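Here are a few exercises to work through with the model open beside you. Try each one before reading its solution.

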Amino acid sequence: MFALPLTDDAQLRPLEPWQAEEFLAHIDRARPLMDPWIPWADLSTDLGSATATLRRHADRQAADEGRIHGIWLAGTLVGGVMFTGFDAAAGNCEIGCWLEPAGQGRGLVTLAGRRLIDWAFTERGMNRVECRVAAGNERSAGVARRLGMTREGVLRQRSAHRGVRRDSEVWSVLAEEWPPADGPACGDKAAIDRLMHDLFGAFTTTGGRGPDLGVIREVFIPEGLIIKNTDGDPLVYGVGSFVASREKILTDGTLTEFSEAEVAEDTRMFGSVAQRFSDYRKSGFLHGEWFEAVGHKTVQFVRTPDGWRISSLAWDDEPAAGG
């Protein structure tokens, strides 16, 4: 049986029917965390049903229609990732993930998800990998975002769980968007590019959409700093205070039809730290008056167990800018 290392003390391995007892014990530990979001946990409530679950997945793997893998941390099964759907002829597949509390905070699901997606693209020639996330499941949405997926839309009231119908968010990544595996630096740069794309996109309110400021908490470390240069003393925000200030002006009518995009960048990496100098353009209605502006950001990054995150950001608009 193969085992792929995720970290020094974590491995990704196939889950098979003979492991049903270990699988059931793990699901029982994970159930409180899974239950609000994943009805699938209800399929394994005793040894017989746990064995049946793993047998179904074994049959699906034999038919090349799915696969299930467990994440072991220090020898204990703590979570897993799987292809919930796999259509080699069409070039499309869907992944899912789960975790018990003991496995949280280490980036294990993200690392395991990358293994599955990379295999799907590089070994099987798939074109599209998607993930469907119950609306409100911020942890799973964060994993999808860290995997470089794009949120495509919402399937309204797609599923029911415990008498409540839930919307499903559709996230996906295409083969052409997946970073090539020709060295860690290339993948690191792609991850930083995605962070910046998500950062700029969080503020966009054009076309009737609202801001997605929860993204800010995901791309920054909790202790991150955001600094705006002014004619006087710089304004220094923590992540929480910055989100609150931007949420107010983007939802109370102060700033509408706002968009901001990076137009040039220079990124330098030094092991587990990186820095980016970014030029950007922005536009919108400020207090009812249209404006367009350009400016510059300097952004610092650190590598964490969950991948690259922003540690600090400072920005300055050119003098003629508003907003």
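**Exercise 1: the surroundings of a serine**

Leaving aside neighbours within four places in sequence, which residues is Ser311 in contact with (heavy atoms within 4.5 Å)?

*Solution.* Step one: list the contacts, which are Ile221, Gly224, Leu225, Gln300, Phe301 and Val302. Strands here are DSSP runs of E, at least two residues long, and helices are runs of H or I of at least four, both numbered from the N terminus. Step three: check a distance; Ser311 and Val299 are twelve residues apart in sequence and 7.8 Å apart in space, C-alpha to C-alpha.

A word on the ground rules: this is a predicted model, so local features need pLDDT of at least 70 and side-chain atom pairs count only at pLDDT 80 or more, while totals for chains, interfaces and linings use all residues. Residues are numbered from 1 along each chain as its sequence is written, and side-chain values use heavy atoms, with hydrogens and water left out.

**Exercise 2: the sheet around β14**

In what order do the six strands of the open sheet come?

*Solution.* Start with the order: β10-β9-β14-β13-β12-β11, with mixed pairing (two strands pair if DSSP finds at least two bridges between them). Next, the edges: β10 (235-238) and β11 (255-270) each have a single partner strand, so one side of each has no neighbour in the sheet. Then zoom in on β13 (residues 289-304), which pairs with β14 in the antiparallel sense over ten bridges. Within that pairing, Gln300 has Ser312 in β14 as its bridge partner.

**Exercise 3: two helices**

At what angle do helix α1 and helix α2 pack?

*Solution.* First, the geometry: α1 (residues 20-34) and α2 (residues 47-62) pack at about 105 degrees, with their axes 9 Å apart. The axes are lines fitted to C-alpha atoms, for helices over the stretch in contact, and angles run from 0 to 180 degrees between N-to-C directions. That makes the two helices roughly perpendicular (65 to 115 degrees). Second, the contact: Ala20, Glu21, Phe23 and Leu24 in α1 meet Leu47, Ala50, Thr51, Thr53 and Leu54 in α2. Last, burial (under 20% relative accessible area, 1.4 Å probe, protein chains only): in α2 the buried residues are Ser49, Ala50, Thr51, Thr53, Leu54 and His57. Their cover includes α1, β3 (67-73) and β4 (76-87).

Conventions
Angles under 35 degrees count as roughly parallel, over 145 as roughly antiparallel, 65 to 115 as roughly perpendicular and the rest as oblique. Contact means heavy atoms within 4.5 Å. Buried means under 20% relative accessible area, exposed over 50%, partly exposed in between (1.4 Å probe, protein chains only).
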